[in-house]
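Have the sequence and the model open while reading.

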Amino acid sequence: MSVTDDVEAPARPPAKPVRKPPRKPRPAPGSKRLSPLRVLGSAIVWLFTAGNILVLYWLLTASFKTPVEIFTKPFALPYQWFNVGKPFRNFIYAWNNAGFGDAVLTTVVLVGLATVVTVAVSAPCAYALTRLGVRGSGPMTNAVAIGMGVPFQTVIIPLFVVLSKIHLDNEYGLFLLYVALSIPFTVFLMTGFFRSLPDELEEAAALDGASPTRTFFSVMLPLTRGGMITALTLNAIGLWNETLLAIVFLKDQAHFTLSRALFTFYGAASYQSEYGGLIAGVAIVVLPMLVLYLVLARRIITGLTLGAGK
Amino acid sequence: MATVTTPTTPSARVVKAGAHLRRKKRLFWPFAAPALVLYLAFLVLPTIATVVLSFTSWAGAGDTPKPNGVTNYTQMVASDSFQYAFGNTLIYVFLGGIGTFALAFLFTMVLRDMKGGKTVRAILFFPNIVAPVALGMFLGFVFKYQPGKQGLANYVMEGLGADAAKFLAPSNVTGVVTASLIWASSGFYITILMAAVDRIPPYLYEDAELGGASPWQKFRNITLPMTWDVVGVAGVLWTINALKIFELVFVLAGPGTYAPPNEAWTLGIYVFDRTFGSNGTPDFGAACACAVAMIALVSVLVVLLRRLMRRDAIQF
């Protein structure tokens, strides 16, 4: 299109200057060219995105359907349970049969306490490692960061044996484990935040006569509020979804966490072909995270990238 | 409080500063100790214990470990289940890694100047906040094979005129899990890489456009070199995460309550089956040996990757 403009322009008689609207700048060569790679790339991106949305749609609608509907009309809106006036039948079934009522309470308390304690323990440690100028802090920070690479399977066997010997193979032991095993990541994340604060703040606080403890609690800690919220959110998501340790350490059904309860429910409900109830169970575990994600997506993503970018 | 600021003599000030520094340093242990103690007690010591116990014959709680040299290792390496587990784990790490990063790179090429890119990123990230157990169950329904009651994938395939496939049969499940893994985790790596891409000064791309560079050339000569360090970190994260994959395969390939067939095993499932799984008699010694193999594999792969990715930092 811009090529024709170019061809016409010199043909115009130059004698009489005719006022015409300024021509749009010609696009740089190459930028608007539709390369096959770009077309293919865009197509894949959109297909992929549409696939994800479809999958979410399928999950949400299937949780309101009967098994027959799920498998014969996967894309239709739910009908049968609405028709008989029991739209939440699957959710009620899952809630009652999987013991989600107790599990929600256990999970919320356990995950809530564990994330708060993790951050409360990790933030001072990260501060000490980055800001106090003690020799050996660098290697120590690295040693803690290496802990992120240790698979749970490597530590679970001795921990299980020792903790069951002192009768902590229950939710209290699990709480300790959750806190301890979240520490490497949290300390690593928080060191990134503390390191980014300017030295002048601490100097100013010291000049004003604040003790080092006070400097930490009233100046430095509040400034890393963003980092702490990120650490809380990421740990909460991770622990909410944690299953392996919960399977190993929780034996009493009354104290199952949500993912643990779902795991047990899966075996039982599969036998009875209770697919509607199962998908509702999956939805019950997933939906709180979806809500949290919709509210905090930006923070979760910046937190993750900050941790990785450093 | 304000008295500290009144300067007396230079030497007195130095003493004050020194005292302050000392007070600061005295804070180190009270601040760092709780986290470090927990770290030592729950990560370092158990890892050492696992290494020691891997050289013993030990049935589990109630039994006393008896040293038996490297028997656990020789038996483990010779066993079918370990070979499957090791092979599958390597497939997930390498094939899954190549797929995930290829997809992530393709997306960075397209998403950088695409309208709605932020929304697309948020949507792609979503599977990462779903519990792997829930994800496994959910994919179990998607890939279900049962004539007349087909899961979503077979429903679509039959709709397109193709034959339904037994996706979750032991011989196919590794491929299905690899694909699922790529689908579920690509969002995370796209997010990380895009955050690095966003920091690249746009004038580099403008310049390349004036020069008529193709998207591939822009990727090869701008995006990749400028994000190299982040790619390295993302690669390490991938290796760590893919190596301990457990719940997703356990639920997707098996009946849910006990371990899936041997062909589908990963190292994580091997450890679980030998200890807490309800299938067969426990053998904690062998499980420890496999756990040691896991951490050795992580260390080797991470060190290799760092070696491979090392180069001089680019300042921009």
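A nonpolar core is a set of buried Ala, Val, Leu, Ile, Met, Phe, Trp, Tyr and Cys residues joined through C-beta atoms within 7 Å. A residue is buried if 20 or more other C-beta atoms lie within 10 Å of its own, exposed if 12 or fewer, and partly exposed in between, with C-beta atoms placed from the backbone. The model is predicted: local features need pLDDT of at least 70 and side-chain atom pairs count only at pLDDT 80 or more, while totals for chains, interfaces and linings use all residues. Residues are numbered from 1 along each chain as its sequence is written, and chains are lettered from A and ligands numbered from 1 in the order in which they are written.

**Core and burial**

The largest nonpolar core has 180 residues. Those with the most contacts inside it are Cys125(A), Leu262(A), Val282(A), Ala134(B), Leu193(B), Val249(B) and Cys290(B). Helix H8 (residues 173-198) of chain B gives the most to this core, with 15 residues; helices (H or I, at least four residues) and strands (E, at least two) are DSSP runs, numbered from the N terminus.

Leaving aside neighbours within four places in sequence, Cys125(A) is in contact (C-beta atoms, placed from the backbone, within 7 Å) with Val187(A), Phe31(B), Ala32(B), Ala35(B) and Leu36(B).

In helix H6 (residues 132-142) of chain B, eleven of the eleven residues are buried, so H6(B) is largely enclosed by the rest of the structure. Among them are Ala134(B), Met137(B) and Phe141(B).

Chain A has 15 helices and zero strands. Of its 310 residues, 44% are buried.

**Chain contact**

In all, 86 residues of chain B are in contact with 83 residues of chain A. Helix H2 (residues 28-53) of chain B gives the most to the side of chain B that touches chain A, with 16 residues.

**Helix pair**

Helix H8 (residues 152-165) of chain A and helix H13 (residues 284-309) of chain B pack at about 150 degrees, with their axes 8 Å apart. H8(A) and H13(B) are therefore roughly antiparallel (over 145 degrees) to each other.

Conventions
Two residues are in contact if their C-beta atoms, placed from the backbone, lie within 7 Å. Axes are lines fitted to C-alpha atoms, for helices over the stretch in contact, and angles run from 0 to 180 degrees between N-to-C directions. Angles under 35 degrees count as roughly parallel, over 145 as roughly antiparallel, 65 to 115 as roughly perpendicular and the rest as oblique.
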